[in-house]
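Colleague: I have just opened this entry and would appreciate a short tour. Could we go through a few residues together?

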Amino acid sequence: MTDNNNDSSKTFKTKKISNPGRKYAHLDKWIKLSGEMARAQAKAKGRYEVYIKNGQWVKEYPNGEIIPFSEEEND
């Protein structure tokens, strides 16, 4: 009986980190994907999302309207 778990073609291969100075550089892909998922879910539910654009907090509505965000609106 042979053990197929040692087949080298089925091993998980990762890319080497191109910038070894950044400890968690390999997580950039997953961070980007989670942001894209949050954006899609907010749009599907008809909710706005809040993020920083050009150094300023903004709200982006599902219809594409972008307005500056201020904390006074939420008090």
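**A first look**

Modeller: Leu27 counts as partly exposed, because its relative accessibility is 33%. Please keep in mind that this is a predicted model.

Colleague: Where is Leu27 found?

Modeller: Leu27 lies in the segment before α1, the helix of residues 28-44.

Colleague: Changing topic, what is the place of Glu49?

Modeller: Glu49 belongs to strand β1, which covers residues 49-53.

Colleague: Is Glu49 buried or exposed?

Modeller: Glu49 has 18% relative accessibility and therefore counts as buried; the cut-off for buried is under 20%.

Colleague: With which side chain does Glu49 make a polar contact?

Modeller: The partner is the side chain of Arg39, at 2.8 Å. Beyond neighbours within four places in sequence, Glu49 is in contact with Arg39, Val58, Lys59 and Glu60.

Colleague: In which sense do β1 and β2 pair?

Modeller: The pairing of β1 with β2 (residues 56-60) is antiparallel and runs over 5 bridges. Within this pairing, Val50 stands opposite Lys59 of β2.

Colleague: And how many residues are between the strands in that hairpin?

Modeller: There are 2 residues between β1 and β2, and in this hairpin Asn54 takes a positive phi near 55 degrees.

Definitions and conventions. Residues are numbered from 1 along each chain as its sequence is written. This is a predicted model: local features need pLDDT of at least 70, side-chain atom pairs count only at pLDDT 80 or more; totals for chains, interfaces and linings use all residues. Side-chain values use heavy atoms; hydrogens and water are left out. Helices (H or I, at least four residues) and strands (E, at least two) are DSSP runs, numbered from the N terminus. Buried means under 20% relative accessible area, exposed over 50%, partly exposed in between (1.4 Å probe, protein chains only). A polar contact is a pair of N or O atoms within 3.5 Å; within protein, one must be able to donate a hydrogen and the other to accept it, and residues adjacent in sequence count only if both atoms are side-chain atoms. Contact means heavy atoms within 4.5 Å. Two strands pair if DSSP finds at least two bridges between them.
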